[in-house]
Amino acid sequence: MRKAFPIAALLAAAFVAPTVAFAQPKTIKAVMHSDLKVLDPIWTTANIVRNHGYMVWDTLFAMDEKLAPQPQMVDTWQVSADRLTYTFTLRDGLKWHDGGPVTAEDCIASLKRWGARDSTGSKLLSFVAAFEPVNDRSFRIVLKEPYGLVIDSLAKPGGSTPLMMPKRIADTPADKQIGEFIGSGPFKLNNKERVVGAKLVFDRFDGYVPRADGVASFSAGPKVAYFDRVEWHILPDPATAAAALQNGEVDWWETPFPDVIPLLKKNAQLKVDVADPLGNIGS
């Protein structure tokens, strides 16, 4: 059954943990709220860029539905008695879309680049005395003075999210957009099939290993990709989007216009639901 959601879910949750069963091949065609014009996930706070970021990259920590930070790429962490040194160890088996392992140096470079552009990251970095790699999977953040929002900052959802990138990409100056889109998230951007203003394609990353513990909750927990391919279709005209959904040309509509929701509810082949109870306020 195709679905139409009046409110967007954070993380493009329908793609990562969908509730719709599709026959093979497992492809979902979704109508998004806007075109993705910026591919660098820390370059803008636009929601469509945030969603794209969560598809391709991953985070050290993430917020659950109670807005409590939970480990994501991090396996274990410790805080020193004086609250000045945070030591993080990454989960085993994390790797980039190009096959390389995720390392502590990658994470350090990613945090520095994120902190150069994001206000939360900038505030965090103002307390940082040093980033220290311990080994390939572990690193430390040493503070100048205690700061109570270290973990919350690393789990920050929305806006410019602290997403981890390979060091060679994260070393791109913060005032220049990245040219490679290699992450360690559940999907890979298929840039060859991108049609600006019309369509984006994401392919499942078979090398992604979800967390083995917990349950999916907001941006935290195991990210299980049930679809082999996700297509984002850009249909800004609501009448065209509604017709495409009702004709079976697409499977999911992120943010239907309120005027067409009564029409969609009358279609027995569609289900209209609120995916994000917090909602969004458009400008």
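**Close-up views**

**View A. Phe-88 in S7 is the bridge partner of Trp-77.** The model is predicted: local features need pLDDT of at least 70, side-chain atom pairs count only at pLDDT 80 or more, and totals for chains, interfaces and linings use all residues. Residues are numbered from 1 along each chain as its sequence is written, and side-chain values use heavy atoms, with hydrogens and water left out. S6 and strand S7 (residues 85–90) run antiparallel and are joined by five bridges. Strands are DSSP runs of E with at least two residues, helices are runs of H or I with at least four, and both are numbered from the N terminus. Two strands pair if DSSP finds at least two bridges between them.

**View B. Four strands make an open, antiparallel sheet.** The strand order is S6-S7-S9-S8. Strand S6 (74–79) and S8 are the edge strands. Each has a single partner strand, so one side of each lacks a neighbour in the sheet. On average, neighbouring strands here are turned by 15° against each other, direction ignored. H4 packs on this sheet and touches S8 and S9. The direction of H4 makes about 90° with that of S8. Axes are lines fitted to C-alpha atoms, for helices over the stretch in contact; angles run from 0 to 180 degrees between N-to-C directions.

**View C. Helix H4 (residues 119–127) has buried residues on one face.** Which residues of H4 are buried? They are Gly-121, Leu-124 and Phe-127. Buried means under 20% relative accessible area, exposed over 50%, and partly exposed in between (1.4 Å probe, protein chains only). Down the axis of H4, these buried residues fall within an arc of 115°, so they line one face of the helix. The arc is taken from the directions that lead from the helix axis to the C-beta atoms. The cover over these residues includes helix H3 (104–115), strand S8 (128–133), strand S9 (138–143) and helix H5 (150–154). At the start of H4, a side-chain oxygen of Asp-118 comes to within 2.9 Å of the backbone nitrogen of Thr-120.

**View D. H3 packs against H4.** Their axes are 7 Å apart, at an angle of about 115°. That makes H3 roughly perpendicular to H4. Angles of 65 to 115 degrees count as roughly perpendicular, under 35 as roughly parallel, over 145 as roughly antiparallel, and the rest as oblique. From H3, Leu-111, Lys-112, Trp-114 and Gly-115 take part. They meet Thr-120, Gly-121, Ser-122, Leu-124 and Leu-125 of H4. Contact means heavy atoms within 4.5 Å.

**View E. Asp-106 sits in helix H3.** Is Asp-106 buried or exposed? With a relative accessible area of 7%, Asp-106 is buried. The side chain of Asp-106 makes a polar contact with the side chain of Trp-96 (3.0 Å). A polar contact is a pair of N or O atoms within 3.5 Å; within protein, one must be able to donate a hydrogen and the other to accept it, and residues adjacent in sequence count only if both atoms are side-chain atoms. Beyond four places in sequence, Asp-106 is in contact with Trp-96, Pro-101, Met-165, Pro-166 and Lys-167. Lys-167 is 61 residues away along the chain, yet the two C-alpha atoms are separated by 4.3 Å.

**View F. Ser-110 also belongs to helix H3.** Ser-110 counts as buried, at 4% relative accessibility. Not counting residues up to four places away in sequence, Ser-110 touches Leu-163, Met-164, Met-165 and Ala-170.

**View G. Pro-157 lies in the loop between H5 and strand S10 (163–164).** Pro-157 is partly exposed, with a relative accessible area of 26%. Leaving aside neighbours within four places in sequence, Pro-157 is in contact with Tyr-54, Met-63, Phe-218 and Ser-219. Pro-157 and Phe-218 are 61 residues apart in sequence; their C-alpha atoms are 9.3 Å apart.

**View H. Strand S2 (residues 27–31) is mostly covered.** Four of the five residues of S2 are buried. S2 pairs with strand S13 (residues 229–233) in the parallel sense, over five bridges. There, Val-230 of S13 is the bridge partner of Ile-28. S2 also runs parallel to strand S14 (residues 252–253), joined by two bridges. Ala-30 stands opposite Trp-252 in S14.
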